[in-house]
Amino acid sequence: MPALLSWIALHLPVSVPVSIPLPPPPPHATLLVADIGGTHARLAWSDAQGQLALQVWAKVADHDSIDALLRTVVSGIEQASAIVLAVAGRVDQTGHAHCANLPWRIDRASLQARWHCPVRVIND
């Protein structure tokens, strides 16, 4: 997983704002991966080999929670086979994150219940 996150950090655009939501995933790439920083979130659909199919970034200040970000920015999130969130901040063993630069609390169990797929929350 760290290799995928490193690749995302190096290859996702950092200067182009999101103008449209992340489109629904293509059939071969239903893993939603996201790097949630204090200023921006980078989101992409990935296949099982870590190849990114579609990607966008959004300002986190425009959203009051991770759930609001996902609902607003990700079209077709109900098609996700799994969600991986890399966050700046402390993540406990249950997947509950306290973001270092955001007032958000990210809870793996709540996200799994909401989106009906496996969720992994990791520290970036």
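Predicted model: local features only at pLDDT ≥ 70, side-chain atom pairs only at ≥ 80, totals over all residues.

Q: How many helices and strands does the chain have?
A: Three helices and eight strands. From the N terminus on, the order is α-β-β-β-α-β-β-β-β-α-β.

Q: Back to β1. In β4, which residue is the bridge partner of Ile36?
A: Val87 is the β4 partner of Ile36.

Q: And how does β1 run relative to β2, parallel or antiparallel?
A: Antiparallel, with six bridges joining strand β1 (residues 31-36) to β2. Leu32 has Trp45 as its bridge partner in β2. Leu31 stands opposite Ser46.

Q: How many residues sit between β1 and β2?
A: Three, and the two strands form a hairpin.

Q: What about β2 and β3?
A: β2 pairs with strand β3 (residues 52-59) in the antiparallel sense, over seven bridges. Arg42 has Trp57 as its bridge partner in β3. β2 and β3 also form a hairpin, with five residues between them. In that turn, Gly50 has a positive phi of about 90°.

Q: Are these strands buried or exposed?
A: First the cut-offs: buried means under 20% relative accessible area, exposed over 50%, partly exposed in between (1.4 Å probe, protein chains only). In β1, six of its six residues are buried. In strand β2 (residues 40-46), six of the seven residues are buried, so β2 is largely enclosed by the rest of the structure.

Q: Which way do the β1 residues point?
A: Leu31, Val33 and Asp35 point one way, and Leu32, Ala34 and Ile36 the other way. All of them are buried. In a regular strand the side chains alternate between the two faces of the sheet.

Q: New topic. Which residues of α2 are buried?
A: They are Ile66, Asp67, Ala68, Leu69, Leu70 and Val73. That makes six of the eight residues in helix α2 (residues 66-73).

Q: What do they pack against?
A: The buried residues of α2 pack against β1, β2, β3, β4, β7 (105-107) and α3. Contact here means heavy atoms within 4.5 Å.

Q: Now Ala97. Where is it, and what does it touch?
A: Ala97 is in strand β6 (residues 96-99). Ala97 is buried, with a relative accessible area of 0%. Leaving out residues up to four places away in sequence, Ala97 touches Val87, Arg90, Val91, Trp104, Arg105, Ile106 and Val121. Its C-alpha atom is separated by 8.2 Å from that of Asn123, 26 residues apart along the chain.

Q: How many disulfides are there?
A: The count is zero, taking a disulfide as a pair of cysteine sulfur atoms within 2.5 Å. Cys99 is buried, at 12% relative accessible area. Cys117 is buried too, at 7%.

Q: What sits over the ring of Trp115?
A: The charged end of Arg114, 4.8 Å from the ring centre. The rule is NZ of Lys or CZ of Arg within 6 Å of the ring centre and within 35 degrees of the ring normal.

Q: Last one. How much of the chain is buried?
A: Buried residues make up 48% of the 124 residues. Among contacts with a separation of 6 or more, 60% join residues 24 or more positions apart.

Note on methods:
Residues numbered from 1 in each chain as written. Heavy atoms only, no water. Helix = DSSP H or I, 4+ residues; strand = E, 2+ residues; numbered from the N terminus. Pairing = 2+ DSSP bridges.
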